[in-house]
Amino acid sequence: MKTIDFICPLQNGVHARPAKEIELRTNQFSAQINLVNKSKDKVANAKSVLSMISADILLNDACCFEISGEDADSAYEFLQQFVEQELAGIDEASPTSNVQTSQLLPVSLVQAAPNMLRGKVASTGIGHGQAVVIQPVDLLVLAADYSQQADTEIKAMLEVSLTALVNKLSAQLDIEANEIVAAHLKIAQDTELANALVAHSSARNAMQAIGLACRDICEPLEASSSEYLKERTLDIKDICLQLASICYGRSLTAIPVLEQDSIIVSPSLLTPSQLLALPKEKIKGLVMGEGGTTSHTVILARSFAIPALVGIELPQGDSVLSVVNPHQALIVDAVHGVLVLESNPQTETFYQLEQQKWARIDAHNEVFKHSSVTTRDDVHLDVLANIVTSQEIDSALESGADGIGLFRTEMLFCERATPPSEEEQYQHYLRVVQASAGKKVVIRTLDIGGDKPCEYMGFPQEENPFLGYRAIRMYPEYLTIMTAQFRALVRASAAGEVSIMVPMVANLDEIRWCREMLDQVTKDLTEQGTTIGTVKLGVMAEVPSIAYLLNQANDYLDFISIGSNDLTQYFFACDRGNQAVAHLYDHMNPAFLAFVADIIARANQAGIAVSLCGEMAADELAQPLLLGAGLRQFSMAASKIAASKRRLSQFDTTSCQTLFEQVVGLENGSAVKQAVEEFISQGQALPTLDEALVFTHREVKNKAEVIKLLADNLQVNQRAPSAQAVEQAIWDREAVFSTALGFSVAIPHCKSSAVTHNSVSLLTLNEKIAWGDDVDVDLIIMLTVTEEGKDTHMQVFSKIARKLMHEEFRSSLKEATQPAQIIDILNLTLNG
């Protein structure tokens, strides 16, 4: 027997995703392969996802692979290389919430003092609705209500039902949440589940057998010290619940009928299938008494934009159901981590202001979302979306995408026993092209190889698969598969222009091969009478050599797309997943910026269109540099499009070009970032006085509402990134002494790093409110100054304070009905 010792490098341990990656690799061999957790003395079958996640392998646990039997030598060499080069990079960091239960609450919410509980934010947002309670299902308890069955009947029933479950999940792969369905399919197909069911075939009935099998598989995970691994039990319970429902021919979960806006409340985590069965448009929030932020149910909630709280803080032994009644009005505040059980007028006002703030921010972005973007000097830009599945096209376009800059097609090919047919691919590509309605659509051909194995493609063992046999380099060997993809792509062009993009191209021979492949497929389809539209051919610029092929390639290529993620890695010869060298990965490094500019210039000279996809495209510090380098097409995650459009429209390309020329001479990426931050601050300086900061003759109930209203307005107008931080700074100043000056006037103020632009905000009221020190006010002037603005702060304060001594000045401000009138009056005061 051969062994490979290693220390687990995975932040979240061996949960479903990395276990699936290991399983894909070990199943290439006939040898018996075990994964041993030496730290906890547990042995797992390395060809079973369930077995591996049950081994409770966490970060820094001592582990080893044990390999024996046929082709053990080949397996040993392959896994040795896998451990050394790939293992650390097969998982991504777990999604976590930026909001923790220990965060400070907004002062105005604390002062409102509603009956509320704290919780952990799992999916951001705020929702109002009536409580709808969903109780968890216990299969072992349910089993007592079903009649006893013979062993043979149980075995036959479970075998048939398990096959039916696999078929059901396979059929669901093309609908919503297909990544989660794929993970469930892996569990249903796992031999460990089948073995656990067989082991309990002597149970009272099939229901009890499933419940016992579920318990056996989940117990090791629930005993783990890792919250992340504990949450993986939810998927196993979901599969077992679905299996039991198939066995008995009816749903075992009571799916509530939602007739109005609802908050779903459960003492435990809902299963993904439970959430998918509910009408999402009626769900305004989720409250789950236990669990963390990484379950598949939470991931679904984020994708559906449903606010969600988990881990509600309760007295020991209490359940969330002990404090929530069915049909009770609730507020799920998954911004500040609060579940409001009983509201009051001041709390309602707080949330009305919150909703108004976010609606106004969305409205500001909405202006840019569905309009073309031009810079201040009238240069047109395209902001495109990256997608992974055809199901994302609608949401990408709704997010304001000017088209699709990168459709990764790997999801169509991976985690299945056979490649997708030409017709199956065609339907996916057609959906994207039709929905895009004439907008740009770039579809990348299969980017797969030794680092991304497919069960039906026998890739060779390599010392470094990232630089080995992958993408276009394997196309000639898998010609049937690639021809089917090219045919499907060309057929989809009948519905609109299709841009085919080939990854990992490194030389002119490969470019010529792509053109010949496309020409041959087009010729064959035309001869078969197939209608064909416009098809363009391009390549990913991710291998550095591509920069010096463009003049020669202009007879074959229509466009290139700079893949900034891989290009950065290959440029610096570093794997960003390898923590020992990850510091070298820096797309803000002056040398890399110069290289990107060189690619753009050479492409333009050759008459080849150029875009950029990857993390760099949405990086707010990189964007002005890319503009300065000549880039005009950006492709990014759909969620970042609206804000990017708004940001890009505020730049001037000439100024950006000057900035770029300055930063390429700096020493490192840190110096570049500092220079860009200064450029943005100076170039987007906002006037201290602005009509957008003025409110006249408003009905406001109290001091807290005034401060929140004015602080929120600063965030809406991009003068402060966090209204709550400004609000806190104002209240901290109020705690020193009241800012009521007499004459029915208050001047709340702060100097804070939470402020990015010096601002004077003004509010006049129809009715006076109490401000403190027995002073009622109906004129509020709020001064908010940056950390660097101390002198400005004192000058403005003293000038306004002096003028406020005069009744004529006060009256002119209170009587003004339009913000413009007030700005004219203040300008005379401060600048006259």
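This briefing describes the overall build of the protein and then a few individual residues. The model is predicted, and it divides into five assigned parts, running from domain 1 (2–86) to domain 5 (691–831). With 832 residues, a compact globule would have a radius of gyration near 28 Å, and the 31 Å found for the protein agrees with that expectation.

**Overall dimensions and fold**

- Taken along the principal axes, the C-alpha atoms of the protein fill a box of roughly 95 × 75 × 55 Å.
- The secondary structure comprises 32 helices and 27 strands.
- When contacts between residues at least 6 apart in sequence are considered, 71% of them join residues at least 24 apart.

**Domains**

**Surface and charge**

- Of the 832 residues, 56% count as buried, and the protein exposes about 34200 Å², of which carbon and sulfur atoms supply 48%.
- The side chains include 64 positive and 104 negative ones, yet the centres of these two sets lie 3 Å apart.

**Phe-572 and its surroundings**

- Phe-572 belongs to helix H21, which spans residues 564–572.
- Leaving aside residues up to four places away in sequence, Phe-572 touches Leu-584, Asp-586, Asn-589 and Phe-592.
- Thr-764 stands 192 residues from Phe-572 along the chain, and the C-alpha atoms of the two are separated by 58 Å.

**Two residues with positive phi**

- Most residues other than glycine have a negative phi.
- Asp-56, although not a glycine, has a positive phi of about 55°, and this residue sits in the loop between helix H2 (49–53) and strand E4 (62–68).
- Asp-56 counts as buried because its relative accessibility is 5%, where the cut-off for buried is under 20%.
- Phe-743 is likewise not a glycine and has a positive phi of about 55°; Phe-743 is placed in the loop between strand E23 (740–742) and strand E24 (745–746).
- With a relative accessible area of 41%, Phe-743 is partly exposed, since that class lies between the limits of under 20% for buried and over 50% for exposed.

Note on methods: Residues numbered from 1 in each chain as written. Predicted model: local features only at pLDDT ≥ 70, side-chain atom pairs only at ≥ 80, totals over all residues. Heavy atoms only, no water. Domains from an automatic or database assignment. Helix = DSSP H or I, 4+ residues; strand = E, 2+ residues; numbered from the N terminus. Contact = heavy atoms within 4.5 Å. Rg over C-alpha atoms; globule rule 2.2 N^0.38 Å. Buried < 20%, exposed > 50% of the residue type's maximum accessible area, 1.4 Å probe, protein only. Areas by Shrake-Rupley, 256 points an atom, 1.4 Å probe, with all protein chains shown as cover. Lys, Arg positive; Asp, Glu negative; His and termini not counted. Charge placed at Lys NZ, Arg CZ, Asp CG, Glu CD.
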